[in-house]
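Reader: I'd like to go through this one with you and ask where the labels come from. Could you show it to me before we start?

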Amino acid sequence: MTFFAPRSSRIRRKRRSDSDNELPLGAKVNRSTDHSPVSDMLQLQRTVGNKAAQKLLDSPSTDPVVQRLTSYKSYKKSTSAWGKRDHIRALDVAYKAYMKQESGLNGNDKLVRLKQLVELCDAYLTDPTRQTSKRRAGVITLKQQLLTEINKIKVDFVGGEFSEGNVTERKDKVLGGQMNKLDYIKYSFGVTQETDDQGVTTDKKVEGGELEAYFKPQVDRDPMVAQTRGAPAGIPTDNPKFAERAVATYEVAKLLDPSIIPPTFMAKHQRDNQLVDGFIMKKVEGVTGSTKVDGDYAFDVYKNDPIYRQQMSKLMLLDFICGQVDRHPGNYMIETSKEGKVIAVHGIDNDLSFGDKYTDTTYGGNKIGNQHIFKNYISAGGDVTELTEIDRKMAERIITLAGQPQVLRAVLSGLLSSSEVDAAIGRLLSLANFLRPLVNGSDQRIKTKWE
Amino acid sequence: MTENPISAVEKARRQFSEAGLPFPPVPASLAEKLAKISDWYYSTNPDITEKGELALFELLQRDTLPDYALLAQVGHGINSWAIRCTIVFRPLVLLLEYPWGGALMDNEYEATSMRKRFDAAAKLIDAVQQARADGRLGAHDYFVVIDNSLIGSQWLKLKVPSDTHPLKMQWTTSDDVLADVLTAL
């Protein structure tokens, strides 16, 4: 199977004619540039981040962000000069898109997008051919505004900064019964410290905040994998690499919509007097789909809520790419406002994913008896062809990502085996093939507005 | 004087009891063959256990599935945990899985629900044996019952050996599968 499919001219045309701003994260960067595939990838990696580069995400924030950026019109004026805007078009497109969509973005998405814009400013400002451009002053001003805006947004999580020394509270092995030996930890992030010549800390400031999270140790062997749908998916009993699978899921979510998976990253944590490998997942608020709410299961209570349906649609699509085989009502969290409205849905327990046996989305049609791998607890349900509601923006992002499978490969390669990465790309391409005619043909299942 | 070593089934009973869980209705002849493989993992035949459910169905299809029992806590992550109980007691294959042990579950509620399901399963085991004894079930008949509150419940009656893989056959879904099979006997 060839995973490096050529870019579709249909997609290229669509990009030009579309409102062009529904596309995700890093993918947008390449739209109006003619970079080589390699530089495209590097640019995307810089922008959307690979696992080592970008650990700066959060669940949706309801805090309004006051508009402090200049309008798109003012920006255009400040960067006007004689000649075509070819060199600045990527920034134009991205900034216009951001200004148009900003009010609908959650805090996390804003942060990601703002950082993309800063990257684009930097790309312009460091371009050797643009060093004397009259547009530079306007770009510099915009970059300053963007940085200010980033700092204004409340960021309560910076992954990758986890350090045992910054743990402020811990409860070891208290959650989840006998085998589920999770540690609850609360730790400070954004910590700066000064040390003397001997390396002793002399001053320590917490400029970020505190994060609540769970730590899950890595396991070398889990014979019970054989009793799950992970085994036929290709997840081994020995060295099942659950941590890597969970982190990989978040990494893919970052490419598409980071709000649907809580920040998850590899970590070392002190337990039983030794530093052990595992992963940390941010604690998210809410109830699981299987929680009883006023006597009914939460997935039934919220099944008609538009945000629930939209988020579940996104989660299902992500799950297909990730080869998730265990999305049940107990492993997604429904976050609600004080008024009881759904704010977000987050997929947790993403360890049973990325097996290498399922190389396209038909795996969703696998059944045990009559039961699909994905049961109809959720809006989509069943095989991919049975999706009843599909979020347009997510679908478009997936199609775009499928045009650049090397991005997915770059993100996953450090975590998964080559056969697992190949399988993930296969599922991505398969899903995009399914979605493309629906998106282009205005299929009824494609939802732009959720109501 | 040395004490007799505690049997695996006794260890399992204690472990379940200390966790506030009912003990699964493992027939005595299987219970005495249980071995403790690791924490929360008891099996009469770890080879079958670790080959997985698909292998179990293949053995069933060929009519080479021995009587067998597995008791375990299975799962992953924060909240995807369950008690798995597999009982193969010819002519019945029971695959029971009930949520318990997740960090975000109401584990007390789940334990209460599990007790009701185990009680119903015990009645079904007896009833199937009776049906076999009085000739209502033939020598090659099997009932396969999956009772899984997370992915759904269903049952199948089949003759083995079979040309068709059991998972390709037409199963009957049910909200109360244990009661429905009892009725179908």
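Reader: Why is Tyr75(A) called buried?

Author: Its relative accessible area is 0%, and buried means under 20%, exposed over 50%, partly exposed in between, with a 1.4 Å probe and protein chains only. So Tyr75(A) counts as buried. One caution on the source: this is a predicted model, where local features need pLDDT of at least 70 and side-chain atom pairs count only at pLDDT 80 or more, while totals for chains, interfaces and linings use all residues. As for bookkeeping, residues are numbered from 1 along each chain as its sequence is written, chains are lettered from A and ligands numbered from 1 in the order written, and side-chain values use heavy atoms, leaving out hydrogens and water.

Reader: What makes Tyr72(A) and Tyr75(A) a tilted pair?

Author: Rings of Phe, Tyr and Trp (its six-membered ring) pair if their centres lie within 6.5 Å; planes under 30 degrees apart are stacked, over 60 edge-to-face, and the rest tilted. Here the centres are 5.8 Å apart and the planes are at 35°, so the pair is tilted. Both tyrosines sit in helix 3 (residues 72–78) of chain A, and being three residues apart they are separated by about one helical turn. Helices (H or I, at least four residues) and strands (E, at least two) are DSSP runs, numbered from the N terminus. In general, an α-helix has 3.6 residues a turn, so residues three or four places apart point the same way.

Reader: What makes Phe16(B) and Trp40(B) a tilted pair?

Author: Their rings are 5.2 Å centre to centre with 50° between the planes, which puts the pair in the tilted class. Phe16(B) is in helix 1 (residues 8–18) of chain B, and Trp40(B) is in the loop between strand 1 (35–38) and strand 2 (41–43), so the pair links parts of the chain 24 residues apart. Phe16(B) counts as buried because its relative accessibility is 0%, and Trp40(B) does too, at 1%. Ring pairs link Phe16(B), Phe23(B), Trp40(B) and Trp100(B) into a cluster. Over all chains the count comes to 12 aromatic pairs.

Reader: How do you know that the length of helix 4 of chain A agrees with what it should span?

Author: The expected span is 1.5 Å times one less than the number of residues. For the 13 residues of helix 4 (residues 89–101) that gives 18 Å, and the end C-alpha atoms are 18 Å apart, so the two agree.

Reader: And what makes helix 4 of chain A mostly covered?

Author: Of its 13 residues, 10 are buried. Among them are Leu91(A), Val93(A), Tyr95(A) and Met99(A), but also Asp92(A) and Gln101(A).

Reader: Which residues touch Leu65(B), and why is Leu65(B) called buried?

Author: At 6% relative accessibility, Leu65(B) counts as buried. Contact means heavy atoms within 4.5 Å, and, leaving aside neighbours within four places in sequence, Leu65(B) has contacts including Ile48(B), Leu56(B), Val88(B) and Tyr142(B).

Reader: What goes into the largest nonpolar core?

Author: A nonpolar core is a set of buried Ala, Val, Leu, Ile, Met, Phe, Trp, Tyr and Cys residues joined through side-chain atoms within 4.5 Å. The largest has 74 residues, of which Ile398(A) and Leu412(A) touch the most other members. Its largest share, 11 residues, comes from helix 13 (residues 418–440) of chain A. Apart from it lies another core of 38 residues, including Leu71(B) and Cys85(B).
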